[in-house]
Amino acid sequence: MRALPLVLATLRRLAGSLGLLVGASFIIYMMVRMAPGDVIDAISPMGTPPEMKAQLAAEFGLDRDPVTGYFAWLSRSAVGDFGESLAFSPGESVMAVAVPAFKRTLMLCALTLLAGLALGLGLAVLMGEPGPRQQIFTGPAYVLTAAPSFVVAVLFAQGMNWFIHLFVADGSYEPPIWYPIPIYADSLMPYVFAGFSMLAGDGLFMDWFNTLRAELLSLKQSQFIIAVRAKGARTFGHIVKNLWVPVISSFAARLPLVLGSVVIVEYIFTLDGAGYVLLEASRLRDFPMVVGLSVLFTATVIAVSLAADLVRALVDPREVSRGG
Amino acid sequence: MGGRGTSFALWLSGAVVGIVLLIGIIAPFVGYDPVSDVDYDAQLLGPSWSHLFGTDAQGRDVAIRLLKGTEAFFLPGLLAAAIAVVGGALAGAVAGYLEGFGRTVVLGLLQLIDTLPRLVFIILVCTILNPSITLISGVAGVLFIPAIATVIRRKVEALASEDYILAHVAHGFSPARILIYHILWLQCRPVLIRQATFVFGYVLFVETALSYLGDYGVQEPAPSWGNMVAQTRDLAGQAPWPWLFPAIAIVLTISAFLSFGNLLARRDEEAIR
């Protein structure tokens, strides 16, 4: 009998997410319609031939009123057709460029968050209860990690340049393999550096650490763990099982923030992920690309929050009965 | 919690916040012409008494550009904080107060805004409208309304069943007065302070990030902390001060605003309890 409410809650949540996606895409579409002057001139790059403009106008439903135009656009974008790239990668379909780039970005974000989780949890276990002596350490760390991730990334890249100046002999051309700015497409190091900058910036890591430590402490002091301890059993398994739910929640809650900082960090380290493509396309005024990527980013936020809710419901049956 | 360490941190961050606010207020009255400041005989000078933080690649004084750079985010930041706090408090109070259909509509709208990834949406707005930093910060303020509204709504819902609020209702106080004065002002002040400083810090982040990227935000030759940091791109390793001082200023200001808001709110929360 446990399954039925779970299925119902899942369906309800799924419908809600779809509604959100439609609503958010409507906001994005209306932003396009709000372009100043003649919309089609505003959104096409300089020197676009008239037949291209006509095609673009048809793609965005600009020849109709906003509502039917929106549904025309939605019916095509719902099946993944966001039109063709105008300037970033002319002639290719937006999805052909956006999807591989997006995969790289999601990988980077996921690895960053996982590394943050592992480090934060490890540190939280090591540090134990907060005390006045720890504030000497955590206070400055808190201030330093509040730096925006792009500043961390810039300082990091500068430090690297300076470091390499010291260690690379004059006249040698090859940079070391751990150089953060990619020169070879298959190098993994830029991703490691970008992940580090994102983790160290925006207060992300200290946030993780504080949340995890608070959860861990409150669990350790809770009645049932004390009862387990009193019986002489191991508490580790019980703690891990109950730590799941808050970890997933904060994982999902931080992803939008990370999806924001990844845009700029990718640009600084010139990683060809979705953030880099978004900024380049925006610079080149490649509209279909910018709109397509914006929808993809929004869909990711919605999908992750949906997935987090579902996993939470599976892991913790109390969530369902609470009607969450 | 609390104790001497906390109040020292509060004073320290408060001092930085105060200095930034002071500079933000006096900056518009300082005359500065970035073009006539160019001096090719004084490129990349180190810090000295005549140039406190040195000069940049065009021989412009870094200190005065730092000071004038506050104009780029000061008023926009205040505007965004005001929009987010007023909008969030009202939306949260209304959502907490209403029942049935109206509540569903308000909650749905808030959730809708909340799903838009903030920076991505701001870049989209920039691409379409090529807006001023004031409009960008207005958008940032709106994007923060749901975050504030959620906290306020929970608070309103929790307080609505409290005896003393019921007593106010029984005394015939108007709902507006109970919501605005007794709930928002007396009970939610710490939350609002914390969120306002957070939004201000976020606008500083957005402004510096956009100016750093160069296409939107404040354009050279007008100074902004972001486009000052962007000089790293041309100056690889030659002289650190043109970009190091603005980078330090960004880090210090953002962390000071965040910790000041947090500490002040925590003290206020303890006082309410």
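Author: What follows is a conversation about this predicted model, taken topic by topic.

Reader: OK, chain B next. How many helices and strands does chain B have?

Author: Chain B has twelve helices and zero strands, and the C-alpha atoms of chain B fill a box of roughly 75 × 50 × 30 Å along the principal axes.

Reader: And what share of chain B counts as buried?

Author: Of its 273 residues, 45% count as buried. If one takes the contacts in chain B between residues at least 6 apart in sequence, 69% of them join residues at least 24 apart.

Reader: How do the two chains meet, then; how many residues are in contact on each side?

Author: On the chain A side there are 44 residues, in contact with 35 residues of chain B. The elements of chain A that give two or more residues to this side are α1 (3-33), α6 (132-145), α7 (149-167), α11, α12 and α13, and the largest share, eight residues, comes from α7(A).

Reader: What is the split into nonpolar, polar and charged there?

Author: The chain A side that touches chain B divides into 31 nonpolar, eleven polar and two charged residues.

Reader: Which residues touch the most other members in the largest nonpolar core?

Author: That core holds 150 residues, and those touching the most other members are V151(A), V277(A), L278(A), I122(B), A140(B) and V199(B). Helix α10 (residues 189-213) of chain B supplies the largest share of the core, with 15 residues.

Reader: Take L278(A) from that list; what is L278(A) in contact with, leaving aside neighbours within four places in sequence?

Author: L278(A) is then in contact with V263(A), V290(A) and L293(A) in chain A, as well as with V120(B) and I123(B) in chain B.

Reader: Back to helix α10 of chain B, where V191(B) lies. Is V191(B) buried or exposed, and why?

Author: V191(B) is buried, because 22 other C-beta atoms lie within 10 Å, and the cut-off for that class is 20 or more. Beyond the neighbours within four places in sequence, V191(B) is in contact with V151(B), I152(B) and A265(B).

Reader: How far is V191(B) from F205(B), C-alpha to C-alpha?

Author: Their C-alpha atoms are separated by 21 Å, with the two residues 14 apart along the chain.

Reader: Changing topic to backbone geometry, what is phi for T270(A) and for R285(A)?

Author: Phi of T270(A) is near 40° and phi of R285(A) is near 55°, each being a positive value in a residue other than glycine. Most residues other than glycine have a negative phi.

Reader: Where do T270(A) and R285(A) sit?

Author: T270(A) lies in the loop between α11 (236-268) and α12 of chain A, while R285(A) is found in the loop between α12 and α13 (287-315) of chain A.

Reader: And why does R285(A) count as buried?

Author: R285(A) counts as buried because it has 21 C-beta neighbours inside 10 Å, whereas T270(A), with 15 other C-beta atoms within 10 Å, is partly exposed.

Definitions and conventions. Residues numbered from 1 in each chain as written. Chains lettered and ligands numbered in written order. Predicted model: local features only at pLDDT ≥ 70, side-chain atom pairs only at ≥ 80, totals over all residues. Helix = DSSP H or I, 4+ residues; strand = E, 2+ residues; numbered from the N terminus. Buried ≥ 20, exposed ≤ 12 C-beta atoms within 10 Å, placed from the backbone. Core = buried A, V, L, I, M, F, W, Y, C linked by C-beta atoms within 7 Å. Contact = placed C-beta atoms within 7 Å. Nonpolar A, V, L, I, M, F, W, Y, C, P; charged D, E, K, R; others polar.
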